[in-house]
Amino acid sequence: MYKLNLITKFSEKIIFLFLIFFCETIFSHESHSHRPSVVTSVSFNQLGTLWRVREQRGFVIVDSSNDQGINFSKSINVNTELQQIGTSGDAKPKIVIGPEGNIYVTWTQMLSKPYTGYIWFARSKDHGKTFELPQIVHQDKSEITHRFDAINVNKDGQIFVAWVDKRDLEKAKLQNKDTEYKGAALYYAISDNYGESFKIERKIVDSSCECCRIALTNDSKGNIIAMWRQLYDKGIRDHAVAKIDINDNIVVNRATFGGWKIDACPHHGPAITRGGDWGYHMAWFDGGEKVGLFYGRIDGDAWVSSPPKRFGNANFQAGHPSLLSTNEKVYLAWKEINESGNYIVLAISEDGGKNWLEAKTIKKTEGASDYPELIQFKKKAFLSWNTIKDGYQLIALE
Amino acid sequence: MKLKILLFFLFFSNFSIAYEFMPFEINTRNAIEKKYINQPLIISFWSIDCPYCIDDLKKLGKALSKNTNVKLITVCIDGKESPKKAKRILDQVRLPEHEHYQYAEVDEDKLRYSFDPTWYGELPRTYFYDAAHQVTPLSGKIPNSFLDAWLNK
């Protein structure tokens, strides 16, 4: 009887310990989310293979499709150690492909202090079979804001990575200056050796917006053209453009004049793409009284912008635009939301953005969805859009 | 027995940290409005990634400790974040006892749209309900003058 009692007590203890262990396992995970992340970025390589990057349970994962997004290869992990990867708001991992065929991926690792992060870069030299050990792009490794990575590779294979950086704000706080440092700063680093290493980072501008994505494109010579939300006097958050050449000459100009005055994180970054010889197409969101999505052109010499043209329905949250230009044809896609779900609207211009055909809804989904991305392969335009309920969508555009 | 007590303590301490946030869903706005009918109310939407939000929460906490008739509700919009991390930030802000929610819907855009179709995702976003539930929405940092005027209305 005594033995039986002992056995019963022992079993009780075991069951109890098991229960505790089970509950701990369920409730104590905090380093990463179990929710699926919907953000996705894609690029075609020179052969028409679609390369895709996403985030899954703390890993940046890459896969590819040879049938325009219907079937994908088994994905491979890019980072070797679990990280918290930026996927909310305007943040997402990015993928680009160099003219020599190298595949480049960037992402933001969120650190434990609020708003802090590191910008990571990884390269594949064997057409995506393997990725080399990732590297942090910036030499400043303090636990401060380095977030909202953007990457561009030009026709000569030079890689340009830009991000939002708060080192100047932190410095100003320490110096306790009379005038407050407003916003964050933009920094960039260039790789001239196909991603082997990056030169020391340099500043583009002070007082950028803190939490909006940066848009990058190239001029015909391969110089970088960047567009971002900038903090102007009296708390106005309009957009700026910069031309950055390979010798680090930087020219910054104001690009939009919406006058949205707000001390907030808008979470709405712009889009920019090169048009003809005259300059660039731009699309952006403005809040405030004139709330809505806008399109404008800006020339690449005097940096004068055209009057903004409104697109989409502000009542349905039109925002998060993507732009693509092939010859005189311009594609502008954006996301809207209504009671039944999210959908992507597309507007097309056939004369370099002067006149626009009627915008059309091209895809809907009922669940969560990413922002749209327009990409091209041999001058053919595609819309890339990831959704939770309807899966990944690649749509060939007329 | 000692082991049992210790394990119980461990289990419940973790349990309570993980579940202190109430889930914010499509119908939560209606439920809050019903629950606090005829009471002044401030609903503050914030994110771990938004520096302005933390400043605003501190400001609200200070103001409402002197205006205890106004109910405070905070909503962390980082549905994908662990509640532990969100709670750690909320603890640093030292708010008075209040109801705090975290987004529970996977489609955060839809949740925002259903709460207020004229809110475009900018943060902080604060809703000031007077006793009759006339709502004044405010995007961005709350100006002191606005807060004082609203509290003294």
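Biologist: Which three strands of chain A form an open sheet, and in what order?

Modeller: They are E25, E26 and E27, lined up in the order E25-E26-E27 with antiparallel pairing. Keep in mind that this is a predicted model.

Biologist: What makes E25 and E27 of chain A the edge strands?

Modeller: Each of them pairs on one side only. E25 covers residues 373-377 and E27 covers 392-396. Going from one strand to the next, the twist averages 30°.

Biologist: How do you know that E25(A) pairs with E26(A)?

Modeller: Pairing takes at least two DSSP bridges. E25(A) and E26(A), residues 380-386, are joined by five, so they qualify as a pair. They run antiparallel.

Biologist: Now to another strand. Why is E6(A) described as largely enclosed by the rest of the structure?

Modeller: A residue counts as buried when 20 or more other C-beta atoms lie within 10 Å of its own. Eight of the eight residues of E6(A), residues 103-110, are buried, so the strand is largely enclosed by the rest of the structure.

Biologist: Which residues of E6(A) point one way, and which the other?

Modeller: A:Ile103, A:Val105, A:Trp107 and A:Gln109 point one way, while A:Tyr104, A:Thr106, A:Thr108 and A:Met110 point the other, and all are buried.

Biologist: What makes E5 and E7 of chain A partners of E6(A)?

Modeller: Again, the mark to reach is at least two bridges. E5(A), residues 94-97, has four bridges to E6(A), so that pair qualifies. E7(A), residues 117-124, has eight with E6(A), so that pair qualifies too. E5(A) runs antiparallel to E6(A), and E7(A) pairs with E6(A) in the antiparallel sense as well.

Biologist: What is the order of the open sheet of four strands?

Modeller: The order is E1-E2-E3-E4 of chain A, with antiparallel pairing. E1 and E4 (76-77) are the edge strands, each pairing on one side only. Inside that sheet, E2(A), residues 50-56, and E3(A), residues 59-65, share seven bridges. A:Arg54 has A:Ile61 in E3(A) as its bridge partner.

Biologist: Why does A:Ser37 count as buried?

Modeller: The cut-off is 20 or more other C-beta atoms within 10 Å. A:Ser37 has 22 C-beta neighbours inside that distance, so it counts as buried. A:Ser37 lies in the loop between helix H1 (2-27) and E1 of chain A. Leaving aside neighbours within four places in sequence, A:Ser37 is in contact with A:Arg54, A:Glu55, A:Gln56 and A:Thr87.

Biologist: Zooming out, how is chain A divided into domains?

Modeller: Domain 1 takes 35-226 + 239-264, and domain 2 takes 270-398. Their C-alpha centres lie 21 Å apart.

Biologist: What makes up the side of domain 1 of chain A that touches domain 2 of chain A?

Modeller: Contact calls for C-beta atoms within 7 Å. On that basis, 26 residues of domain 1 are in contact with 30 residues of domain 2 in chain A. On the domain 1 side, strands E1 (40-44), E13 (215-218) and E15 (236-244) each give two or more residues. E1(A) gives the most, with five. By class, that side has twelve nonpolar, twelve polar and two charged residues.

Biologist: How does the radius of gyration of chain A sit against that of a compact globule?

Modeller: With 398 residues, a compact globule would come in near 21 Å; chain A has 23 Å, which agrees. The C-alpha atoms fill a box of roughly 95 × 55 × 45 Å along the principal axes.

Biologist: And what percentage of the residues of chain A count as buried?

Modeller: That comes to 48% of the 398 residues. The secondary structure of chain A amounts to two helices and 27 strands.

Methods
Residues are numbered from 1 along each chain as its sequence is written. Chains are lettered from A and ligands numbered from 1 in the order in which they are written. This is a predicted model: local features need pLDDT of at least 70, side-chain atom pairs count only at pLDDT 80 or more; totals for chains, interfaces and linings use all residues. Domain bounds come from an automatic or database domain assignment. Two residues are in contact if their C-beta atoms, placed from the backbone, lie within 7 Å. Ala, Val, Leu, Ile, Met, Phe, Trp, Tyr, Cys and Pro count as nonpolar, Asp, Glu, Lys and Arg as charged, and the others, Gly among them, as polar. The radius of gyration is taken over C-alpha atoms; the globule rule is 2.2 Å times the number of residues to the power 0.38. A residue is buried if 20 or more other C-beta atoms lie within 10 Å of its own, exposed if 12 or fewer, and partly exposed in between; C-beta atoms are placed from the backbone. Axes are lines fitted to C-alpha atoms, for helices over the stretch in contact, and angles run from 0 to 180 degrees between N-to-C directions.
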